[in-house]
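Work through the exercises below with the model open. Each task is followed by a solution in steps.

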Amino acid sequence: MSRSVVSMGGKFAVVVGAVLALGGCTSAEQKPAEEQQPTQQVTKTGCATVDLTEAEKASVEQAIAGRVHSQARAAGSVNVNVYWHVINNGTGIANGDIPQTQIDSSISVLNAAYKNTPFKFTLAGVDRTTNSTWYTCAGGGCETKMKNALRKGGAGDLNVYSNNMGRGLLGWATFPSSYASSPKMDGVVILYSSVPGGSAAPYNEGDTLTHEAGHWFGAYHTFQGGCVDPGDYVSDTAPESSAAYGCPSGRDTCSGGGLDPITNFMDYTDDSCMNTFSAGQADRMDALTIQYRGI
C-alpha cells in the first residue's frame, strides 16, 4: 500500500499523491486461488508519496473549509468507476499478468473497506499491456509515458496500474488537488503481488489498493505530522509519532491522545491488521472528492 514519504510520492507512495514499500495491514485472510511465487523481497519501508507542500496543504484546507461534516453523504451513495491497467512482462502471474479473479477480488476488498464511507466501486474496464519498461516502472519518465498512453475517464474515475515496480515499494497515488494541473498522472500504482492471493505477504490481501485509494480521495497517513497538531487533519484518529508495522496492539506513541490507530487503513501495519476508516476520514475524503473530483 502507499505508506513513507520520498520525493516522489512508501509502504506506499503518494505522488503528489502516494508510493509504498511493502508492509501494511492485512484485513481478511484469504487462500490464493492461484499460487504466486515472490519475485522480490518485500519489506515495508513506507509510502513513496510525494507529500503536498505546506502552501498546497493550506490551499486545500481553505478550499474545503465548511464542507467537512456539513455535507457528508450517505454510505455507498457515490459510485467510482475503476479502470484497471495490468502491466506485465509476458503471460502468467509470474510476469505480473494477474488473472481477472484477482482483480474482481480487489474490487470486493475495496467495497468492504469503504462500506462506511460514501464510496462504492465498479470495475469499468481492464486492459493488459506487455511492456518491460513499464513493468518495472517506479516513477519518472516511464510513469508519464505509461499513464499518458493508458489513463481513461475523468477526475472521478480511479485508474489502477499494477506492475512490479521493485525497490521494496507497494504502491503510490496522487492527491485529488493535483488533478487539475496533471490530469493524465492521476491514479494509483500498486505492486501486482499485493492483490488478494498474491505473493507479497503480509501485504497480499488487497489493502495496498485500499490505502492508496485513500490517498487518491485525499486522506493523509495517520502518522502525518507526528504528535503535533494538526496531524492528519482528522480529529478522530489519535496522533501517532511514526508509522506502525506488523500489528502492535496497545502502541501509544503520543501522550494524552489515545492508543495509536494501528488498525486504520492509512497506517503501515499488515493487511490482516487493517480494518477501518474513521468517520472523520470518511467526511474529509467526501469533502475533498466533492471539491476536486466533482463526484
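The model is predicted.

**Exercise 1.** State the volume of the second largest cavity, list the residues that line it, and sort them by class.

*Solution.* Step 1: the second largest cavity has a volume of about 40 Å³. Step 2: its lining consists of Ala219, Tyr220, Asp232, Val234, Gln281, Arg284 and Met285. Step 3: sorted by class, this lining has four nonpolar, one polar and two charged residues.

**Exercise 2.** Locate threonine 174. Is threonine 174 buried or exposed? Which side chain does the side chain of threonine 174 make a polar contact with, and which backbone nitrogen does it reach?

*Solution.* Step 1: threonine 174 sits in the loop that runs between strand E6 (169–173) and strand E7 (188–191). Step 2: the relative accessible area of threonine 174 is 5%; buried means under 20%, so threonine 174 is buried. Step 3: its side chain makes a polar contact with the side chain of aspartate 186 at 3.2 Å. Step 4: the side chain of threonine 174 also reaches the backbone nitrogen of glycine 187, at 3.0 Å.

How values were computed. Residues numbered from 1 in each chain as written. Predicted model: local features only at pLDDT ≥ 70, side-chain atom pairs only at ≥ 80, totals over all residues. Heavy atoms only, no water. 1 Å grid on protein atoms, 1.4 Å probe; cavity = no way out; pocket = protein on both sides within 12 Å on 5 of 7 lines; lining within 4 Å. Points joined across faces, edges and corners; volume = space filled by probe spheres on them. Nonpolar A, V, L, I, M, F, W, Y, C, P; charged D, E, K, R; others polar. Helix = DSSP H or I, 4+ residues; strand = E, 2+ residues; numbered from the N terminus. Buried < 20%, exposed > 50% of the residue type's maximum accessible area, 1.4 Å probe, protein only. Polar contact = N/O pair within 3.5 Å; in protein donor to acceptor, adjacent residues only side chain to side chain.
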